[in-house]
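Biologist: I would like to go through the labels used for this model and see what each one rests on.

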Amino acid sequence: MCKKPVHFETNGVNGVHNIRIITMAGKQSAIIARHNGKEVTLKITASEIVVVPLKQSTARAGYLSINDIYGVQIADKDKNFVEIYALLYKSDKRVERVVPLECSNESQASRIIDSLRTVLSGDRPRRHVLIIINPFGGRRKAPKIFESTIKRMLDRANISYDVIRTTHKAHATEIGKTLNVALYTEVLTVSGDGLFNELINGLVTNPNQDAVARLPIGLIPAGSGNGLCQTIHAPTPIEATFAVIKGHTRALDLFRVEQPDSEPLYSFLQVSAGVLADTDIESERFRWAGPARFTISGLHRILALRKYNFKIWFFPEYKAEDVPDESLRIDAFPSDDPAACGWQLFDGRLVSVLLANASWASDEFLMAPYASLEDGCIDFVVLDDTVTTGNLVSWFLSPEQARHVGAPQVKYIKAKAVRLEPVGQRGIFTVDGEVINSTITHVTVVPRALQLLVPANTNPFEWDPAKLPPSGLNID
């Protein structure tokens, strides 16, 4: 953030600022300028743009942090104008601001642009991004979001891109599997969580795994769920695109989801069964309602609550020191006596089970507040059969508060592996919102598998994980 968010006097047009450049002494050095008829010095540094009145008694200095600036280019209306684009905080939201600079000639304008782009890009080479758009996801708004927001912001940031629009199911998986990673500096999806899941399932089978592990990937929210974008605090297309432009990354764990006699699937968000999976899939008939479809479906399912029998084996994180990840996979499961090998058992009826990598299940529901995308763990959450409709309604009315955590009917522990074994009526199983077979499902962690584009300086946890006992909450 800037010291004092843009204390330039405005020209009355929603925070737009006119400064006439008179001379420019040199790259990143002070510039003599006029602002509202008064002489000022304008300076571009590695951390901010500073405007200081020569007569400091007449006005305050203005600061615009480089961290808030995402682009600069020649204005369409006049080649002597430079426009600087920033995203500033207003209360708890980000809002766009444009700062136009009127220069004496085109050459001076070009020098300002070159100087600021050098500061913004640092030592990074010119960026070229692959953008994968699902034109049919959510409320079919991804193409409009690309045209109105993403394209505009990337152009302003001087970032080039190729665009692929998906035409069929698993198209993004095919793209990820065959992608020549060397052609792109980043890969993005414009979609909900489903298309991003397709992409990662392709990338993990790409033959150039060393390059894939270093390739930043990102998600611009355009679907109905958007749990990942809520988790990284980039819930809108503008904020997510800003994060992409800034280029900060965080490691992303994946879940390896295995079932007997099937190829493994990979998950970045969650694996679920019970009321959460039922709500997610049954909400498809309310897709016209956008994100509210989950609320409508959830209320319907809560009022007609189902319960399922499960045998669930889980390997707690606190027991996993010096235990190789490979020894926890499905083909190494000690079926004769799992307990003797450190596995613990939940055996009984339940309303819902969630294996979470992300803290938010959607942009409304904070389901696993101790979860982190890079802690190498599964946040294992069970709502047991003592949960009532009244409990769920009270939690459902404030889903962003995670009031279910700590309730006696809810079990919560960090695990390194979880094995779901349905008994009798099986219900729906989902991986990142996509239905899979309702059968034995074995989930382990692939730690720090990919690099995810995220906003800078965001806390990886919603709640302090130190407050979750290693042995979990309500774990027998």
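Modeller: Arg419 and Glu421 are both buried. The model is predicted, so local features need pLDDT of at least 70 and side-chain atom pairs count only at pLDDT 80 or more, while totals for chains, interfaces and linings use all residues. Residues are numbered from 1 along each chain as its sequence is written, and side-chain values use heavy atoms, without hydrogens and water.

Biologist: What makes Arg419 and Glu421 a salt bridge?

Modeller: A salt bridge requires a side-chain nitrogen of Lys or Arg within 4 Å of a carboxyl oxygen of Asp or Glu. The closest N and O atoms of Arg419 and Glu421 are 2.7 Å apart, so the pair meets the definition.

Biologist: What is the label for Asp375?

Modeller: At 22% relative accessibility, Asp375 counts as partly exposed. Asp375 also forms a salt bridge with Lys414, with the closest N and O atoms 2.8 Å apart.

Biologist: Which labels do Glu374 and Arg448 get?

Modeller: Glu374 is partly exposed because its relative accessibility is 24%. Arg448 is at 52%, so Arg448 counts as exposed.

Conventions: Buried < 20%, exposed > 50% of the residue type's maximum accessible area, 1.4 Å probe, protein only.
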